[in-house]
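Hello,

Here is the structure I promised to hand over. Please open it alongside this message; my notes follow below.

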Amino acid sequence: MQDDNVTIRRLGLDDYDELLALWRRSGLHSLRLQGRDSPASIARQLASGVQTILGLEVDSQLVGTVLVTHDSRKGWLNRLAVDPDHRRKDHAARLIAAAEELLHEQGIHIIAALVEHDNAPSLALFQKAGYAEIDSGIHYMTKRDSDDT
């Protein structure tokens, strides 16, 4: 996607340092640099064919990103992050739309995102994009090999 000075493209491992710097600038606090967010883990995830990292650039500078994954039936939007200096410019909405388009191209028609309970701006963003909060009594359960996974 390209619009004036805004471009959305797939990121690769060669974009890792820029991606990590953006995550840090945006305040992403769940980074696991020895585990799931290490270069080796990111490379493995990208090679799996079920994860794509989309990056939004303004004048060739990475200012937004989203990790797009699926399990062949449901798509997930993870790690949606926008540089604080570039917020409130519809960049996150553009990333959501691009992620949805990618998942639809892959035959995925159920898309979900987990939003932390104290992240009201993200909750409002996803609601504005047409996502509905489901209060179905489901509990998010996880089992991890380590805290860094």
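**Salt bridges**

A network of salt bridges links Arg9, Asp15 and Glu57. Please keep in mind that this is a predicted model. In total, the structure holds six salt bridges.

Start with Asp15 and Arg9. Their closest N and O atoms are 2.9 Å apart, and the two form a salt bridge. Asp15 has 8% relative accessibility; buried means under 20%, so Asp15 counts as buried. Arg9 has 28% relative accessibility and counts as partly exposed.

Next, look at Arg25 and Asp83. This is another of the salt bridges, with the closest N and O atoms 2.4 Å apart. The pair links distant parts of the chain, as the two residues are 58 residues apart. Arg25 lies in helix H1 (residues 16-25), while Asp83 sits in the loop between E5 and helix H3 (91-105). Is each partner buried or partly exposed? Arg25 is partly exposed, with a relative accessible area of 35%. Asp83 counts as buried, at 4% relative accessibility.

Then there is Arg73 with Asp71. In this salt bridge the closest N and O atoms are 4.0 Å apart. Arg73 has a relative accessible area of 55%; exposed means over 50%, so Arg73 is exposed. Asp71 is partly exposed, with a relative accessible area of 40%.

Now the strands. E4 covers residues 61-70, and nine of its 10 residues are buried, so E4 is largely enclosed by the rest of the structure.

Strand E3 (residues 51-58) runs antiparallel to E4, and eight bridges join them. To find your place, take Gln51: it stands opposite Thr69 in E4. E3 and E4 form a hairpin, with two residues between them. In that turn, Asp59 has a positive phi of about 50 degrees.

Strand E5 (residues 75-82) also pairs with E4. The sense is antiparallel, over six bridges. Here Leu67 has Asn78 in E5 as its bridge partner. E4 and E5 form a hairpin too, with four residues between the strands. Ser72 in this hairpin takes a positive phi near 85 degrees.

**Where to look**

Then go to the network of Arg9, Asp15 and Glu57. Finish at Arg25 and Asp83, the pair that links distant parts of the chain.

Best wishes

How values were computed: Residues are numbered from 1 along each chain as its sequence is written. This is a predicted model: local features need pLDDT of at least 70, side-chain atom pairs count only at pLDDT 80 or more; totals for chains, interfaces and linings use all residues. Side-chain values use heavy atoms; hydrogens and water are left out. Buried means under 20% relative accessible area, exposed over 50%, partly exposed in between (1.4 Å probe, protein chains only). Two strands pair if DSSP finds at least two bridges between them. A salt bridge is a side-chain nitrogen of Lys or Arg within 4 Å of a carboxyl oxygen of Asp or Glu.
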